[in-house]
Each structure stands twice: as C-alpha cells, then as structure tokens.
Amino acid sequence: MTSVVVVSAGLSSPSSTRLLADRLAAATTEALGDVEVEVEVTGIELRDLAHQLTDHLLTGFAGPELARAIEQVREADGLIVVTPVFSASYSGLFKTFFDVLEAGLLDGKPVLVAATAGTARHSLVLEHALRPLFAYLHAVVVPTGVFAATDDFGDAGLDVRITRAARELANAIPTDGVDAGRSGTTAAPLARRTVAEAFDDPTPFELLLKQASAA
Amino acid sequence: MQIGIFSVGDVTTDPTTGRTPSEHERIKATVAIAKKAEEVGLDVFATGEHHNPPFIATNPTATLAYIGAQTERIILSTATTLITTTDPVLIAEDYAKIQHLLDGRVDLMMGRGNTGPVYPWFGKDIRQGINLAIENYGLLHRLWREDVVDWKGRFRTPLQGYTSTPRPLDGMPPFVWHGSIRSPEIAEQAAYYGDGFFHNHIFWPASHTKQMVELYRRRFEHYGHGPADSAIVGLGGQFFMRTNSQDAVNEFRPYFDNAPVYGHGPSLEDFTTQTPLTVGSPQQVLERTLSFRDYAGDYQRQLFLLDHAGLPLKTVLEQLDLLGEILPDMRKGFAEGRPAHIPEAPTHGSLVAANGGPTDSTVYAAADDATGHRAEDTQDAQVSA
C-alpha cells in the first residue's frame, strides 16, 4: 500500500487550506488509481498539534500525538503540504512542524507544495518560500505547485493545476513494488543515517577513535 | 545501589517571592545541601560544571575538596566534567589529587557541556564535540594508567615522557561514568572502556533513556566486559514531594511553570507523564523511582536533582529530609528481585580489592635542582652543557 500524507496548516475549521489539501489528496489518489496503485491517505492538521509543537520547541521532544504525526511523515511515500500565506510566507505553525523534524527525515521524499491566500498577489510564495525550504530539507519537490487565492475556488484553472500537480506527485512516487530505500523513493539510498539506524548499527569505537584524531 | 543527588548550580529567581540568591549564598547553599545529603544517608553528591552565569558551578574540584573535608562517608562526584573543553592533563592531576585528599571517596562523570559558547571560550569548536570527548578521554585514560606517556593527537600539544602527578591513589584511577542524552557515540565509548554510563533521564521521555541504556548494555557485552545486564548504569531523577500529594503540586507548580528548562511550555501534568519528574507524596516518588527499572534494567546509581528552578535552600533541605525518610524503602525496593550477579557501582575500595589490594604508585624521581631558579636559566645550562 502506497501512503500519501497531507500536512495542512489552516487555522479555521473548515479552512480553505484544508479544502485545497483535500482536493490535492483526491486528485493524487485518482492519478495513482489510474496506474492501479492503491493509496492510503493520512491527513495531519497542524492546528490540532499547535500546543505540542510549541512544547517541542521548548523541551526538545515530541508529545504523543506529534510523535505519531512525525512517524507518519517518516513512513510516507509522498507528501502534500499546504499552508496559508501569513505575512508573505508560510505560516509560523507550518514552519514549526518542519523545524522539529529530525535532520534527514525528508531526504528524497516526493513533495507537492501548495498554499492559499486572500489574493493572487501572494502566488509566488510557493517559489520564494516553500520551494527553498523543501530544497534545504533535501525533499524532491514536484515542478507544479498549487496556489489558490480565495477567488480561485470555482475557477476551472485551479482544477487543471491540481490535476497536473497530482499527476507529477504520482509519477514521483515509485510504484514498481521495488523498495528503493527506507522511504521507498528513488533518491532514498543517498539519505542521511537516521537516529534509529545509528542506534541499531553503532559506529565501532575503534573507528570513532581513528576519526576523532584524524586531521 | 547508590542513591544520591546532583546539582547544576543554577542561580535562579524564586518565582514566588521574586528573590534571587547571590552567588555567595548559592555557593554556600551547595555545601549545605551536600552535607545534608550525607546526614540523611545518601551515598553520592555530584556537582555540575558550568563557566557562565547564571551558574556558580566553576572549579568543581575545589568545591568537592571543601565538601569532602566536612563529610565522612558520602562519595563526591561530578555531573558533568567537561571532557571537551578541559585539558585532560589537568583533569588527570586534579582528580588524582582529590582522590588522595579524600582517601578515594571520589569518582567523576564525563560530559560535553550544555552551552555552545563554552567551546570557543576555551579555544575549541563545538562541531568537534564528539571527537574532543573521544580523543581527550583516550589521553586521560592513559595518563592515569601509564607512569610515562608519549602521546600525539589532534587537539592538544604532544607529550613526550610525561608523568601525571600525583599518581592515582593505591594505583587505582577514579571510576568514570560517561553522560549523554542522545549521542550513541558516548554510549559506545562507555561500553568500550567498560566504564559506567549515566543517562540524565530528567527532562526527557523514557524512550531516550531506554535507547541509550540498551545500546550501552549491548556494546558493554560486545567488548567483553560481561553480560549486558551487569553493565554499570546510572540515571537521573527529579521530584518534589510533600506528605499530601496535592500540597506538593500546589507548592511546586509556580516553580515548574517558570523553570529555566521547561517553563512556559508543557503543563506540569503533561511533563510528569512524559518525563521522570514526579510531584506528589513520598509513596508516589518511591513507586515512580522503582519503576525506572522497567526500561533501564537493574542499575547501580540513582541521582536526583532537587536544588533548581529557584527553590529556596530551606525547601531543598526539607526535600532531602523527606528523601531520607523513604530511603530505607527505596533501598529495599531496589534490592527486591535483583539477581545476585548484578554488581554494585564500583567504589575505590571495591576496585582496589578487585585489583589485589593497594599498591604505592608513586613515581619516585631524582630531586630537582631547579627550584629557586628561573626555568630559562636551567634551560640555558642544559644547552651549554
């Protein structure tokens, strides 16, 4: 079963951010269905994790629900991330979630970026804010990002962009049944060692000694 | 089972009164707390090492020697000694010296430090933290075990024919623990040497502790020091207790809510669920403490943090009295179901006995004729000779 996780940072309920997230998830499920891939979609509403995210910033560890969400992202074959635009960028809540992820957790992970705002004047936020963030995190961002201003809902052009982006994400998720790495993506063999891997297979001390004093 | 306390030496405002103790008050309070720890029957007092405000925990060996001169029985230790930024040659001298002064009543715990800037203050690079801990300890380990050391490394100047003095008391170096919260390299290091491993435990979910302790135990066995369950493990702990558990919650809550480490974050209720912090009755503290074995296995040393977050000295001393009252039950609980082959924490006495008794490790050298001269003159005389 292929898993797609949808991270949505909308604050009202229901939010236009969630609305866009749901349409992207449905389109991705359909695109994968076209190539006969079964999909399990999991939604993560960051609003529900807002307290635990702040606690994590202060204590350095995740509360139980946040820890579960992080594990779902770790296990995901593909990610859809949607944020409202706040002060010309992603919201602080959205950024906080990606701030607390262990380094390397998104290595090679296919990601579809999307954003909502009150006006189309913010549409380049995908290119100047979201794309650099996920490039830094070593995720693989699909070429089409989806931006929806309030008046885009109901415009046929949005459907076209959603479908195109969803197909790109579906194409980026490996579906040949071959496990290419821990996240199941083609880029995964280059992924950094996870904390769990460092504990399962520790570097022998003789090597640590040698590395310590090597100039 | 050794039960004791550890202190980070923070100078923190009491949030209930707005009063902040002076450095002098806090330094003297640390001594009073250590003496009280011995009085109520605890086995260990350990001091932290910090080189910045709001801490008073500089110069740990002077502190420990001063406390040692006023106590009889309690083991004095560190939590932690900065193996990254302190010259291992000085650590070797300082701790061998107090080992002699305190007749072996001392051990120490290696750590990497809690604040980034401490590295550049001592001319080091935090990105080399693990490498510094490994190289420096490798040298310290040799300085205590070899009378004459030739050494060359990456982080300090080489040594040629160097003898660290005084030699360890009775030919036995102080026992060393290695402390780390999340770095597998340090669990590996402790296991490699067959030293103790201490997990801070407090402020973190049990899963961190379990992961580190399991790795240390597994690798301890791998390196041939004995079965995994006989590795030497220490844990931190944190409590606030009153006879009536609701009184404990009410009294501690303002300290919790404003504490430097976790204040203004999770609720007291969430934090006590997610970390080892226990706020309640003596019975609750007793039961929670004994439950640490469920994920750490039978272990050797339990240290509690009591003097922090601005708690006044009087309250800390009351906490020690309460701990003293449940101490017999705690010892009994730890002994219950403990397999016979699980060792106690090594002490100077047990290590010397296992080594076949004390040996005089003094390196006797010819008297020098330099005292009273300038080093440069002696040097010139050698060159011209």
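Predicted model: local features only at pLDDT ≥ 70, side-chain atom pairs only at ≥ 80, totals over all residues.
The peptide bond that joins T165(B) and P166(B) is cis, with omega at about -10°. A further cis peptide bond, with omega of about 10°, links A79(B) to T80(B). T80(B) belongs to the loop between β3 (75-78) and β4 (81-82) of chain B.

Backbone torsions of note also occur in two residues with positive phi. Most residues other than glycine have a negative phi, and most peptide bonds are trans. In E36(A), which is not glycine, phi is positive and near 60°. This residue, E36(A), is located in the loop between α1 (16-34) and β2 (39-45) of chain A. D103(B) lies in the loop between α3 (88-101) and β5 (108-111) of chain B. With 12 other C-beta atoms within 10 Å, D103(B) is likewise exposed.

The interface between the two chains involves 23 residues of chain B, in contact with 17 residues of chain A. On the side of chain B that touches chain A, at least two residues are supplied by each of α5 (129-145), α6 (184-193), α7 (206-222) and α9 (268-274) of chain B. The largest share of this side, five residues, is contributed by α6(B). Classified by residue type, the side of chain B that touches chain A comprises nine nonpolar, eight polar and six charged residues.

Within chain A, the packing of two helices was examined. The axes of helix α2 (residues 50-59) and helix α4 (residues 92-99) of chain A come within 10 Å and cross at roughly 55°. Angles from 65 to 115 degrees count as roughly perpendicular and those under 35 as roughly parallel; α2(A) and α4(A) are therefore oblique to each other. The crossing in which α2(A) passes α4(A) is left-handed. From α2(A), the residues A50(A), L53(A) and L57(A) meet L93(A), T96(A) and F97(A) of α4(A). The contact of α2(A) with α4(A) consists of five nonpolar residues and one polar residue, with no charged residue.

The axes of helix α1 (residues 23-39) of chain B and α12(B) come within 10 Å and cross at roughly 15°. The two helices, α1(B) and α12(B), are therefore roughly parallel to each other. The passage of α1(B) across α12(B) is a right-handed crossing. On α1(B), the contact is formed by A29(B), A32(B), I33(B), K36(B) and A37(B), and on α12(B) by L313(B), V316(B), L317(B) and L320(B). By class, eight residues of the contact of α1(B) with α12(B) are nonpolar, none is polar and one is charged.

Helix α12 of chain B also contains M330(B). M330(B) counts as partly exposed, with 19 C-beta neighbours inside 10 Å. Neighbours within four places in sequence aside, M330(B) is in contact with I3(B), L286(B) and T289(B). M330(B) and A34(B) are 296 residues apart in sequence, and their C-alpha atoms are 20 Å apart in space.

L286(B) and T289(B), together with V285(B), are the buried residues of helix α10 (residues 282-291) of chain B. These residues cover an arc of only 100° around the axis and thus lie on the same side of α10(B). The elements that cover the buried residues of α10(B) include β10 (233-241), β11 (278-280), β12 (301-305) and α12 (313-335) of chain B.

Finally, W144(B) is situated in helix α5 of chain B. W144(B) is buried, with 23 other C-beta atoms within 10 Å. Residues up to four places away in sequence not counted, W144(B) touches A92(B), A96(B), P168(B) and P173(B). The C-alpha atoms of W144(B) and P173(B) are separated by 5.8 Å, although these residues are 29 residues apart along the chain.

Note on methods:
Residues numbered from 1 in each chain as written. Chains lettered and ligands numbered in written order. Contact = placed C-beta atoms within 7 Å. Helix = DSSP H or I, 4+ residues; strand = E, 2+ residues; numbered from the N terminus. Nonpolar A, V, L, I, M, F, W, Y, C, P; charged D, E, K, R; others polar. Axes fitted to C-alpha atoms, helices over the stretch in contact; angles between N-to-C directions. Parallel < 35°, antiparallel > 145°, perpendicular 65-115°, else oblique. Left-handed = near helix turned anticlockwise from the far one by under 90°. Buried ≥ 20, exposed ≤ 12 C-beta atoms within 10 Å, placed from the backbone. Arc of directions from axis to C-beta.
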